[in-house]
Amino acid sequence: MSYDQSAPPPPPGDYGQGGGFQGGGPGDGGYGGAPPQQSTKAVVALVLSILGVCCFIFPIAGIVLGVQSKKEIQNSGGRQKGAGLAQAAIIVGAILLVLAVIGDAIYFSRR
């Protein structure tokens, strides 16, 4: 009785390294594209708008950066996200700017 001689099994180690199917990460829709990145400018705009409680210039900077980041996000073709943060930065900055102007008007009218 004779047995077939087959190739020996592969050596142990190096599992998981090699050219198998590399699926995309979460959020990429399964098409292999990179997931959209959070707009750093939108986050900075919101932080500056919130810091407007402390200083009069921060809400102005937050509004300007919010408008710029919103335009960049719209023009990115889906590569960036954060339009809601940019909109929030514009709204919070505008509210704090109006409150600062009203507060200054009240303060200086009593002097």
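What covers the buried residues of helix 2? In this predicted model, the cover includes helix 1 (40-50), strand 2 (80-81) and helix 3 (83-109).

Let's start with helix 2 itself. It runs over residues 57-75, which makes 19 residues. From its first C-alpha to its last it reaches 28 Å, close to the 27 Å expected at 1.5 Å a residue. The buried residues here are Pro 59, Gly 62, Leu 65, Gly 66, Ser 69 and Ile 73. They sit on the same side of helix 2, because they cover an arc of only 125° around the axis.

Turned away from the buried side of helix 2 are the exposed residues Lys 71, Gln 74 and Asn 75. Just after the helix comes Gly 77, with a positive phi of about 70°.

On to the aromatics. How many aromatic pairs are there? The count comes to one: Tyr 107 with Phe 108, in an edge-to-face arrangement. Their centres are 5.1 Å apart, with 75° between the planes; that angle counts as edge-to-face because it is over 60 degrees.

| Residue | Relative accessible area | Class |
|---|---|---|
| Tyr 107 | 47% | partly exposed |
| Phe 108 | 52% | exposed |

Phe 108 counts as exposed because the cut-off for that class is over 50%, while Tyr 107, at 47%, is partly exposed.

Terms used: Residues are numbered from 1 along each chain as its sequence is written. This is a predicted model: local features need pLDDT of at least 70, side-chain atom pairs count only at pLDDT 80 or more; totals for chains, interfaces and linings use all residues. Side-chain values use heavy atoms; hydrogens and water are left out. Rings of Phe, Tyr and Trp (its six-membered ring) pair if their centres lie within 6.5 Å; planes under 30 degrees apart count as stacked, over 60 as edge-to-face and the rest as tilted. Buried means under 20% relative accessible area, exposed over 50%, partly exposed in between (1.4 Å probe, protein chains only). Helices (H or I, at least four residues) and strands (E, at least two) are DSSP runs, numbered from the N terminus. The expected span of a helix is 1.5 Å times one less than its number of residues. The arc is that of the directions from the helix axis to the C-beta atoms. Contact means heavy atoms within 4.5 Å.
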